[in-house]
Amino acid sequence: METVLIGIGLVLLALFGAPLFAIIGAIAMMSFAAEGIDPSVVIVELYRIGSNPTLVAIPLFTFAGYVLAESKAPTRLVNLARAFFGSIPGGLAVVALVTCALFTAFTGASGVTIVALGGLLYPILLKEQYPERFSLGLITTSGSLGLLFPPSLPLILYALVAKISIDKLFAAGIIPGILLVVLLAGYAIFQGKKLRVPKTPFTWSNVFTTMRVAAWEIPLPVLIIGGIYGGFFTATEAAAVTAFYVLVVEVFIHKDLNLFKDIPRVMKDSMLLVGAILMIIGAAMGLTNYLVDEEVPMKLFELTRTFISSPIAFLIVLNIFLIIVGMMMDIFSAIIVVVPLILPIATAYNIEPVHLGIIFLTNLEIGYLTPPVGLNLFISSIRFQKPVFTVVRGTLPYIAILVVALIMITYVPNLSLWLVNALNVR
Amino acid sequence: MTFLRTLDRFFYRIEFALLVLFLSAMVLLSFTQVFLRNFLGTGLVWADTIIRHLVIWAGFAGAALATTEERHISIDALTKFLSPRIKHVAQLFTGLFATITCVYLGDAAWTYLKDELTSGGVLVLGIQTWQALLIIPVGYFLIAFHFLVKLVENLLGVLGRQTVKRV
């Protein structure tokens with residue numbers, strides 16, 4: 001009875017906006033105390049995950065992403081992409097999709113993309129006569145597109161929590177990520193043709209000029225992906241190189257940011273996110289340990305097995321469940337809290353952990369856009385000063401496309417696993 | 001209240017400065033390490049351990065700042081639709097809860113620290129393990145303090161408005 005009351009109290013506190021790490025930490029400490037175990041084991045787990053060598057990649061990549069977002073790299077990237085894609089129908093929309101996807105890989109789908117790139121692209125889209133609703137939907141969708149590309153923060157976090165190789169998960173995300181971009185670009189081109197929006201003519205001189213201006217940023221994806229899969233360095237080392245490289249390029253070469261005036265603020269902004277994630281992960285690892293000791297995942301599996309027998313049916317239920325989770329929770333807490341519970345069940349249904357990771361993240365990506373509470377809807381609504389309802393209406397066609405992609409990703413495991421096997425990643 | 005607020009700002013500045021220091025050290029040290037390993041085939045034996053602990057120190061500094069800037073992750077599905085007044089009242093409860101929980105977490109971390117103190121391990125460069133762990137209880141207590149200041153401010157705000165209305 002008492003437990004039920006405490007449970008209801010905590011759920012209410014969570015719904016009324018109490019910080020999630022406090023909720024999780026309180027549950028963990030109370031669970032241990034009820035078993036007669038000292039609550040300091042929660043701290044033991046925090047220290048264990050906190051000093052995990054892989055965790056270092058998170059602050060370094062996040063910092064690099066925030067530096068890029070605050071510099072003029074978004075403008076250079078958009079100009080470069082326009083030189084390439086501006087001449088096809090709906091070209092500017094394709095530019096938005098591609099640049100946002102590349103950018104989100106670095107900023108980790110924390111809403112930074114919509115603010116940094118969307119703020120830049122949205123006025124251009126309107127000026128080039130793209131309809132308002134189409135453009136709003138496009139930018140809102142693009143804000144979390146690309147979180148399947150390395151080195152995105154959700155990928156690293158998933159690998160960390162699920163205890164699988166980052167290198168594997170990075171490779172697994174590439175083809176599904178491209179699939180999402182291609183399907184959305186197809187829609188954008190189709191709409192561009194139908195709406196007869198003006199095109200920019202293609203010139204080689206334009207390509208060369210924009211490439212020269214962005215010459216320092218172009219090598220970044222190659223540096224990371226090539227570096228990791230060429231066997232030159234680990235994901236953590238790639239993070240170290242990226243952070244240092246980006247800092248030098250934006251501060252000393254482009255001089256977009258001042259080392260003393262801007263960098264401390266950018267450091268703070270990036271570490272606010274990392275600190276908030278560390279708090280949740282620290283509290284949740286203790287709780288996860290308790291749940292695993294109590295064999296909760298196994299009990300959940302026995303329960304689901306009485307209702308669901310086939311892996312296919314399990315995946316359908318999982319997709320629906322995850323979209324609801326994605327609507328309610330931000331992507332980071334969803335990964336930290338839900339993955340340890342779902343993973344053993346999915347493994348029991350013979351679903352490959354790497355494949356599950358990609359399904360998981362694609363679902364959460366859609367959750368960002370799902371009305372009524374998807375995060376991107378609100379960021380767009382605030383950033384572009386449009387009612388949430390308008391943003392929702394603009395986003396619906398894109399959600400439909402993403403759901404089609406999700407179904408493909410879920411039921412064709414090779415979309416995720418082929419590259420992992422082809423590259424022979426361990 | 002002025003005293004609390006001054007102290008709050010004071011801690012904020014220290015946390016900010018430490019955060020910049022730790023993250024800068026992390027960026028430089030980790031790059032140096034990759035450079036040494038790949039080009040000179042060597043490395044600093046202590047660096048990896050230090051870098052891993054810098055993540056915790058910078059993370060707690062970031063988390064303390066996130067408290068002041070109200071950037072902790074929470075479920076905002078419901079709060080988005082609440083009226084400002086109900087939101088304020090809700091914040092009294094959530095703030096109180098967060099403050100108390102962080103004190104308990106800090107206390108748990110303190111217990112852990114004392115255990116380490118008696119076992120007396122050395123990390124690297126003559127740094128004792130307990131010294132490297134010091135940030136965990138201190139961090140939680142700082143977060144608790146920031147939550148407390150917010151709570152007091154909120155409480156005064158809510159009470160203040162009611163008195164204004166009665167007058």
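## Basis of the values

Local features in this predicted model need pLDDT of at least 70, side-chain atom pairs count only at pLDDT 80 or more, and totals for chains, interfaces and linings use all residues. Residues are numbered from 1 along each chain as its sequence is written, chains are lettered from A and ligands numbered from 1 in the order in which they are written, and side-chain values use heavy atoms, without hydrogens and water.

## Chain A overall

Chain A has 21 helices and 0 strands (DSSP runs of H or I with at least four residues, and of E with at least two, numbered from the N terminus). The C-alpha trace spans about 70 × 45 × 45 Å along its principal axes.

Of the 426 residues in chain A, 59% are buried (under 20% relative accessible area with a 1.4 Å probe, protein chains only; exposed is over 50%, and partly exposed lies in between).

## Nonpolar patch

Phe84(A), Phe85(A), Phe202(A), Trp204(A), Phe208(A), Met211(A) and Ile218(A) make a nonpolar surface patch of about 670 Å². Two or more residues each come from α5 (73-85) and α11 (204-213) of chain A, and α11(A) gives the largest share, 3 residues.

Met211(A) lies in helix α11 of chain A. Met211(A) is partly exposed, with a relative accessible area of 33%.

## Helix α1 of chain B

Helix α1 of chain B covers residues 2-40, and its end C-alpha atoms are 56 Å apart, in agreement with the 57 Å that its 39 residues should span at 1.5 Å a residue (1.5 Å times one less than the number of residues). Gly41(B) follows α1(B) and has a positive phi, near 65°.

Technical notes. Patch = residues over 30% accessible without salt bridge, like charges linked within 9 Å, V, L, I, M, F, W, Y side chains within 5 Å. Areas by Shrake-Rupley, 256 points an atom, 1.4 Å probe, with all protein chains shown as cover. Salt bridge = Lys/Arg side-chain N within 4 Å of Asp/Glu carboxyl O.
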